[in-house]
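This briefing is intended to be read alongside the sequence and the coordinates. Please keep both in view while following the points below.

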Amino acid sequence: MSTAKYSLPCLIAELPQYIDQRVVTAGWIHTVRRLGGVQFLVLRDGSGLIQVVQRDQALRLHPETVVSVVARVVRETRAPGGIELHEADITVLAEADSPLPIDLSASYAKAALPTRLTAAPILLRHPEAVKWLRMTDQLVAGFRHTLHGLGFVEIHTPKILGTATESGSNVFEVEYFGRKAYLAQSPQLYKQMMAGVLGRVFEVGPVFRAEPHDTARHLSQYTSLDVEVAFISDHRTVMGLVREVIAGMVDWAREKTPNTQDFWPEILPAIPIIHFAEALDLVSNGLGENFRAEPDLAPAHEAWLGQWAKNQYGSDFLFVEGYPTAKRPFYTHPDPSRPQYTRSFDLLFRGQELVTGGQRLHQYRNYVEALQKRGMSTEGLEGYLMAFQYGMPPHGGFALGLERLVARLMGFSNIREATIFPRDLKRLTP
Ligand code: AMO
């Protein structure tokens with residue numbers, strides 16, 4: 001009988017546990033330097049870098065060659081990370097061609113963005129890329145950890161749908177066994193139905209937007225961190241939850257990703273809130289032009305408001321609540337005291353929309369009325385409406401764009417820089 005045994009080489013990040021021991025590790029040759037009779041190799045894996053001191057001059061290694069290394073871990077204060085590998089036996093597992101399509105010893109952002117995106121399978125090996133990749137991983141882990149701690153349940157909703165969830169305009173149509181179907185623009189309708197089952201739900205998943213514009217903040221596919229919660233008082237309950245969740249994500253990721261201390265924002269105990277109408281007033285006064293009739297905030301308005309929140313409150317975050325009904329989807333709860341506005345909000349982070357959320361309608365009759373008013377059919381929404389017909393609590397939720405968060409944290413000016421293989425107007429490969 002044969003058995004399957006879990007046995008993998010040590011990660012470079014684990015090596016400090018093995019001082020003075022011989023270990024098996026593996027990775028890619030990051031750099032090679034020859035000095036006297038000695039080769040100084042820097043070995044890299046997904047967890048870090050380590051210097052290998054190698055006396056065998058016969059072994060000629062090029063950057064990105066994949067090797068397995070058996071060596072002794074020694075303390076060396078002059079080495080980066082305080083340890084080195086000595087007495088190394090190196091086995092080549094796979095040769096790398098040279099020259100490389102992109103220079104990994106150069107600074108990460110050196111080449112132009114299109115060149116970098118085309119070379120992504122190699123460029124993503126750069127230690128600077130690994131930094132944001134690992135930060136993204138830990139932000140998602142922090143999202144899950146925080147919500148599980150608050151009694152939320154993770155769900156997985158369909159991504160091929162019979163109807164559009166947000167609006168008809170930016171939806172990808174797919175051919176589905178001879179019928180028309182759509183790629184999910186969000187898990188909106190499904191997370192609401194599931195809040196009617198479990199009360200507190202969340203999802204981490206891909207969503208698809210047929211964005212016809214080539215902007216620095218839009219992707220055709222992005223990762224949406226979605227939350228839906230039942231028994232709220234109004235949208236302010238959801239806003240309080242947004243603050244808790246983001247603070248939980250940041251605390252978690254800050255602790256788990258060393259060397260990223262500069263990136264983390266200050267999250268005030270109470271994030272400042274302004275009404276949409278007040279925001280337009282401020283922007284109009286600030287920019288010296290009348291934007292008071294606008295139905296939405298333009299990117300330049302968000303940027304101005306971000307700076308204003310920083311100056312006024314020392315806050316990287318600003319809630320704008322009460323967006324006009326005309327600009328929000330049919331499921332949005334109107335503000336009972338000012339029905340032209342809604343109980344919805346956006347959260348701006350460093351001058352850019354990061355989160356959208358709000359209270360939803362929860363009475364069946366209000367859905368029928370809202371759909372009628374917008375000239376929308378109930379066709380395809382029968383299952384969704386059934387939930388409201390048979391008892392839905394007051395509820396609300398929000399969605400956070402993961403790539404926007406990472407791009408903002410890292411100070412990237414383009415969202416594609418925080419996306420491993422971005423999908424946009426032009427890019428379908430790699
Ligand atoms: P919304 O459409 O505003 O709301 O999307 C929520 C958040 O997702 C991010 N985002 C994007 N990121 C990258 N590329 C895009 N094309 C893109 N579009 C949006 C933004 C945005 O704030 N169902 C509602 C949420 C809710 O009310 O629960 C929704 O999807 O960061």
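Which residue of strand 17 stands opposite Phe349? In this predicted model, the residue opposite Phe349 is Gln352 in strand 17.

- Strand 16, residues 344-349, is largely enclosed by the rest of the structure, because six of its six residues are buried.
- Side chains in a regular strand alternate between the two faces of the sheet.

**The ligand site**

- Strand 17 (352-359) gives five residues to the shell around the ligand, the largest share.
- The ligand has 23 residues around it, of which Gln188, Lys191, Glu353, Thr356 and Arg360 come nearest.
- Thr356 has a polar side-chain atom 2.7 Å from an oxygen atom of the ligand.
- In the side chain of Arg360, an N or O atom is 2.7 Å from an oxygen atom of the ligand.
- Tyr331 places a polar side-chain atom 3.3 Å from a nitrogen atom of the ligand.
- On its own the ligand has 620 Å² of accessible area, and the protein covers 93% of this.
- Helix 4 (188-198), strand 17 and strand 18 (395-401) are the elements that give two or more residues to the shell.

**Strand 11 and its partners**

- Strand 11 (residues 221-230) is largely enclosed by the rest of the structure, since eight of its ten residues are buried.
- Nine bridges link strand 11 to strand 10 (residues 200-208) in the antiparallel sense, with Gln221 of strand 11 opposite Phe208.
- Strand 11 and strand 18 likewise run antiparallel, joined by seven bridges; Val227 has Phe398 of strand 18 as its bridge partner.

- An open sheet with antiparallel pairing has three strands in the order 7-9-8.
- Its edge strands are strand 7 (160-161) and strand 8 (173-176), each of which pairs on one side only.
- Two bridges connect strand 7 with strand 9 (residues 179-183), and Ile160 stands opposite Leu183 of strand 9.

**Nonpolar cores**

- In soluble globular proteins, nonpolar side chains tend to be buried together.
- The largest nonpolar core has 53 residues, and those with the most contacts inside it are Leu139, Phe143, Val242, Ile246, Val355 and Phe398.
- Helix 5 (residues 235-256) supplies ten residues to this core, the largest share.
- Another core, of 19 residues, lies apart from it and includes Cys10, Leu41, Val67 and Val73.

**Domains**

- The domain assignment divides the protein chain into domain 1 (12-94) and domain 2 (127-418).
- The C-alpha centres of domain 1 and domain 2 are 45 Å apart.

Methods
Residues numbered from 1 in each chain as written. Predicted model: local features only at pLDDT ≥ 70, side-chain atom pairs only at ≥ 80, totals over all residues. Heavy atoms only, no water. Domains from an automatic or database assignment. Pairing = 2+ DSSP bridges. Helix = DSSP H or I, 4+ residues; strand = E, 2+ residues; numbered from the N terminus. Core = buried A, V, L, I, M, F, W, Y, C linked by side-chain atoms within 4.5 Å. Buried < 20%, exposed > 50% of the residue type's maximum accessible area, 1.4 Å probe, protein only. Near = heavy atom within 4 Å. Polar contact = N/O pair within 3.5 Å; in protein donor to acceptor, adjacent residues only side chain to side chain. Areas by Shrake-Rupley, 256 points an atom, 1.4 Å probe, with all protein chains shown as cover.
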